[in-house]
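Please read the following report beside the sequence and the coordinates.

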Amino acid sequence: MKQELRLSGTGGQGLILAGIILAEAALLDGKLAIQSQSYGPEARGGSSKSEVMISEDAIHFPKVTEPNLLLAMSQEAANKYSADLSPESILVTDSLFVSKLPAHTGKVYELPITHSAKEILGKALFANIIALGALVKITNIVSEESLVKAVLNRVPKGTEELNKKALQIGMDLVK
Amino acid sequence: MSRILLLQGNQAVVEGAIAAGVKFFGGYPITPSTEVAESLAERLPLVGGKFIQMEDEIASMGAIIGASLTGKKVMTATSGPGFSLKQELIGYACMAEVPMVIVNVQRVGPSTGQPTSPSQGDIMQARWGTHGDHWIIALTPASVPECFDLTLRAYALSEKYRVPVILLMDEVIGHMRERIELPDNYDEIPQAERKQPTCAPEDFKAYEADESLVPPMPAFGSGYRWHVTGLVHDETGFPKGTPAATKTAADRQYHKLYDNLEDIVQVENYCMEDAEYAIVAFGGGARTAYEAVDHARKEGLKVGLVRPITIWPFADKQMKELADKVKGIMVHELNCGQYVLEVERAVAGKVPVTSYAKYDNEPATPAQLLAEIKKAMAL
C-alpha cells in the first residue's frame, strides 16, 4: 500500500528536512520512498511543502495526489494544500499557527508543536522533529527505531539528545 | 560492497561524475541545478580535482573547454538562462570536437521564467541552441539511479565520439529524492578513455581520423602540438575555408555520430509487447506516464510507454518501427510541444500522433494523462 504524506508550512521551518528524514527512515525499514518538494524562490518565508511517498512497490509519480496525511504548520499552508484531502485523510496542524481549520470531515489533530518546542526545548527549530514524532505515532508509517536512527543521521553532532527528546515530545502530544 | 542512499537526482549526477573520473568543474550556480555545483565543490578536492566558480556561464564553458584539452574529464551544470549563455561555446566545443558534459536541469522559461518549477522547454535548444549545422548528443534520465548511470554514459559517449554531451534533466528528476544503491568505491567502474595518437608528435595531424571518423586527442602538454580553432579547419587543425574542406569537415562530424546510432540511441519500452497505443514521454514526464500506463492496463486498455533515453540524436528508427506497430501515439512533454514535432516527422502520417503538452509549471498527474489517453484513443 502506498502512503502519501504532505508536510507543509513556511520556508525555514525545516519541513523539507523532515520529509527527507521520514523517507530515509522508510528506506531503513526496507521500503521504497520518494521525497519531493516545492517552494518559491525565497530562502525564508513563503509557503513550502515537502511530500513523501512510502511503498513496498515501485513508486513512479513522485507527487502526492491522494494524501493520507497533511501536516500544516502555517495558516497559509493549511488553506493552500488541503484542497485534495479526502474524508479518510488525517489533518495535523500546529495549533500555534493554524487557528482556522480548513474544511475537512476526516480526523484532525490540533497539536501544540511549535509551542512545545519553545516551552520545553527553548527553541522553535525543534518543531520539525517534534512534528515527525507526532506523525509517526499517529500513522506508524515507519518504525520508531528507524525514525530515531534517521533523525540522528541528519542532525548536527551534539544535538542528539535534544532531538531524541523532541521526537518523544511529539509522540507524547498524540493521545 | 554497496550502500543504499536517499539522493536527489542532482546529487546522483555528482556521484556519477566522480565515478566517471571527472576532475574539473567550472560553473555558475543556478536553480534548479545548484546542488550539482554545491556537491562537486565538496567532492572534487577530495579526489584531486578542481572546482572553480566562474564569473558567468560563458566563462564556465571556456574553462571546461580548456580543462578538457589538458586531458581531463570535465563538467558544467546550469539551467535555462545559463544554458542560453553557454550556447556560443557549445558551438566552439562542437567545432573543435572537445569532449565534455553539460548538465542542464530545465526550468520554466524563457528568460528568468520560474526558477523552481519544472519544464522540459529546452528540448529544441539542446539540439539547435548554438548556431550553424552541428551534431550533438543529449540524454535524459527519468530516475535518480538513472542520473548516475547516464552521467557515466555521457562521459563514455563524449570521450568516444569527441562531442559535447548534454545531460538534459528537469526539475522533477533533479530535485526529487529516491533510493539509489551505489558501490562503496568507484575504483572498479570502467573509465572512458580518449583515443591517443600512435604516430610521432612531428607527424601528428590534429583532425586526421581513421575509419571511426573520430580523431585521436592528445592532452595539451603531452608533446603533441596542435591548433584549436572555431574556424572551419582541415585535418591539420588550421583554418581552411575551401568548399571541399568545409564539406569534408561537416560530413565527418555528422557521420561520426549518425553512422553509430545503434550505439548512441537508447529507448526504453514499458508494457509495449502487446500495446495498441503508445505514450511517448521522457524525464519527469515519464514518471507520470508509467503510472498512467499501469492504470490503463488495470482498465484493460492496451497502452504502453516508449521512453527515449537518448533525446538527441532523435530515435528515428524506433519511432518509425513504433508507427508500424500501434494504432496511435501520444507525446506527453512538459512544454508547448517540441519533441512531438520530431515524432510527427518520423511517423509521417502513418498513424495519428497527438500531443499532450503540459506547460503550467506542474507535472501532469497520472489521472490527467490517463484522461488524455482515453480521449485520444476514442478519436
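## Cis peptide bonds in chain B

B:P110 is placed in the loop of chain B that runs between β5 (100-108) and β6 (114-118). The model is a predicted one, and in it the peptide bond leading from B:G109 to B:P110 is cis, with omega near 5°.

A cis peptide bond also joins B:T31 and B:P32, where omega is about 0°. B:P32 belongs to the loop of chain B between β2 (22-27) and α2 (34-43).

## Positive phi outside glycine

In chain A, the residue A:N140 has a positive phi of about 55°, although it is not a glycine. A:N140 sits in the loop that lies between α4 (127-139) and α5 (144-154) of chain A. Is this residue, A:N140, buried or exposed? A:N140 counts as exposed because 10 other C-beta atoms lie within 10 Å, and the cut-off for an exposed residue is 12 or fewer.

In chain B, phi of B:L213 is near 70°, again a positive value in a residue other than glycine. B:L213 is located in the loop of chain B between β9 (177-183) and α8 (243-258). With 17 other C-beta atoms within 10 Å, B:L213 is partly exposed, since a buried residue would need 20 or more such neighbours and an exposed one 12 or fewer.

## Fold and dimensions of chain A

Chain A contains 6 helices and 6 strands, and, read from the N terminus on, its elements follow the order β-α-β-β-β-α-β-β-α-α-α-α. Among the contacts in chain A with a separation of 6 or more, 57% are accounted for by residues 24 or more positions apart.

How does the radius of gyration of chain A agree with that of a compact globule, and what is its value? For 175 residues a compact globule would have a radius of gyration near 16 Å, and chain A has 15 Å, so the value for chain A agrees with that of a compact globule. Taken along the principal axes, the C-alpha atoms of chain A fill a box of roughly 40 × 40 × 35 Å. Buried residues make up 50% of the 175 residues in this chain, chain A.

## Domains of chain B

Chain B is divided into domain 1, covering residues 2-183, and domain 2, covering residues 267-378. The centres of domain 1 and domain 2 of chain B, taken over C-alpha atoms, are separated by 26 Å. To the contact between them, domain 1 of chain B contributes 23 residues and domain 2 of chain B contributes 18 residues.

On the side of domain 1 of chain B that touches domain 2 of chain B, the elements giving two or more residues are β6, α5 (123-128), β7, β8 (164-170) and α7 (171-175) of chain B. Of these, α5(B) gives the most to that side of domain 1, with 4 residues. By residue type, the side of domain 1 of chain B that touches domain 2 of chain B divides into 15 nonpolar, 6 polar and 2 charged residues.

## Confidence of the prediction

Chain B has an average pLDDT of 97, and 100% of its residues score at least 70. Within chain B, confidence is lowest in β6(B), where the mean is 91, and highest in strand β7 (residues 137-139), at 99. For the complex, the predictor gives an ipTM of 0.94 and a pTM of 0.96.

Definitions and conventions: Residues are numbered from 1 along each chain as its sequence is written. Chains are lettered from A and ligands numbered from 1 in the order in which they are written. This is a predicted model: local features need pLDDT of at least 70, side-chain atom pairs count only at pLDDT 80 or more; totals for chains, interfaces and linings use all residues. The radius of gyration is taken over C-alpha atoms; the globule rule is 2.2 Å times the number of residues to the power 0.38. Two residues are in contact if their C-beta atoms, placed from the backbone, lie within 7 Å. pLDDT is the predictor's confidence in each residue, from 0 to 100. Domain bounds come from an automatic or database domain assignment. Ala, Val, Leu, Ile, Met, Phe, Trp, Tyr, Cys and Pro count as nonpolar, Asp, Glu, Lys and Arg as charged, and the others, Gly among them, as polar.
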